[in-house]
Amino acid sequence: MRVINILGSTGSIGTQALQIAALHPDKFKVNALTAHRSVDALFAQVRAFRPSMAGLTGMTADEVEIPQELHFCDWHFGQDALLTAARDVPCDDVLVSVVGMVGLPAVMAARGANRRVLLANKEALVAGGRIVMAACPEDGGNPTLIPVDSEHSAIYQCLKGAQGNPYARILLTASGGAFRNYTLEQLQNATLAQALTHPNWSMGAKITVDSATMFNKALEVIEAKWLFNAQPEQIHVLIHPQSIVHSMVEFRDGAVLAQLGAPDMRVPIAYAMAYPHRIETNAPRADFAAIGQCTFSEVDDARFPAVHVAYDALRAGGAAACVMNAANEEANARFRAGGLRFLQIGDVVRDTLSAVGDLPADTIEQVYAADALARRRAGEIMAKLS
């Protein structure tokens, strides 16, 4: 049995991880749960799984009345709740499925306590990849970090099947998001409601907008660089609307290994939770006859410049990827609040990268400083646009 602490338990990844845990009570014990402000959902999870600790990161103790029957649990509030769950509550694994830069200190706290990290947070690697990977060495052949994103899990699984053979290219697939068939003219007036109608996946609002802009894929390009020690020219993005091929790896001899399956996040979540074993997930099986075909195409940089920006950030090095991520978070939030047009998200990110310039990212303090500066510059740029 493995003991797991789940950060972001009421989000899409967290709730599906709990489904896996409930399906295999002989294999998993949940010992800590944190949510942001989803009080009722967290209460229900605590009743069901009876962890020793629970936390609400976006609330104070004065804002929440804990029901009497949940007083068996040790409750924490504010951002320190994440660090407590990651570092102080006993476990084998920490599933980091929170959104945003808060994932970075949580990952570092978990590794500082020698916990295996199941990573479903993009920003930790994008902003602090060098620092995170230095803290996550192989432990006698056992991984200390396992990716949960469907694309990186697919690459990870393909490489595990390659028996140490070096790859030539990583082929990172992308659904294309809600606007994959929109013209540039249509994108000028794209609305939030339209951006949130993802054709294949059910995700939170921030990530779904990132999918529509393709900044989620930009972040994944940078994650792939750190996870798989890849050079920018070794990472290639393909639009694959069916989301059946989750990603592929090409080897020196021209052979390509791919990981396929129905678009259901329980598969990569369960793979990470049970690694190196495969367990039942109750996920739907891919019906290839019904699917009929899998298609692939190149990314249109004119409509979706985000992926190109990611390659620019990788080649720039230093804190450029951190700056890109921070500017995107700010622009994404402003778009969701109604203060920015859809295509202006990419403009804000590019302009912020240009305004901030070269910054180092060799320490966590430098990463935080770059993140803070990028957010200020993005705010100034958006104020002028408004």
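Biologist: Let's begin with burial: what percentage of the 386 residues in the chain is buried?

Modeller: Keep in mind that this is a predicted model. Buried here means under 20% relative accessible area. In this chain, 55% of the 386 residues are buried.

Biologist: And which residues have the most contacts inside the largest nonpolar core?

Modeller: Here's the general idea: in soluble globular proteins, nonpolar side chains tend to be buried together. In this case, the largest nonpolar core holds 123 residues, and W75 and M324 have the most contacts inside it. There is also a second, separate core of five residues, including V323 and L373.

Biologist: Back to W75, then. Which residues does W75 touch, leaving out those up to four places away in sequence?

Modeller: W75 touches L42, F43, V46, A54, L56, I66 and L70.

Biologist: Why does the radius of gyration of the chain agree with a compact globule?

Modeller: You compare two values. A compact globule with 386 residues would have a radius of gyration near 21 Å, and this chain has 20 Å, so the two agree. If you box in the C-alpha atoms along the principal axes, you get roughly 55 × 50 × 40 Å.

Biologist: How many helices and strands are in the chain?

Modeller: You'll find 16 helices and eleven strands. As for contacts between residues at least 6 apart in sequence, 67% of them join residues at least 24 apart.

Biologist: Last one: how far apart are the mean positions of the positive and negative charges?

Modeller: The chain has 32 positive and 39 negative charges, and their mean positions are 1 Å apart.

Key
Residues are numbered from 1 along each chain as its sequence is written. This is a predicted model: local features need pLDDT of at least 70, side-chain atom pairs count only at pLDDT 80 or more; totals for chains, interfaces and linings use all residues. Side-chain values use heavy atoms; hydrogens and water are left out. Helices (H or I, at least four residues) and strands (E, at least two) are DSSP runs, numbered from the N terminus. The radius of gyration is taken over C-alpha atoms; the globule rule is 2.2 Å times the number of residues to the power 0.38. Buried means under 20% relative accessible area, exposed over 50%, partly exposed in between (1.4 Å probe, protein chains only). Contact means heavy atoms within 4.5 Å. Lys and Arg count as positive and Asp and Glu as negative; His and the chain ends are not counted. The place of a charge is taken as NZ of Lys, CZ of Arg, CG of Asp or CD of Glu. A nonpolar core is a set of buried Ala, Val, Leu, Ile, Met, Phe, Trp, Tyr and Cys residues joined through side-chain atoms within 4.5 Å.
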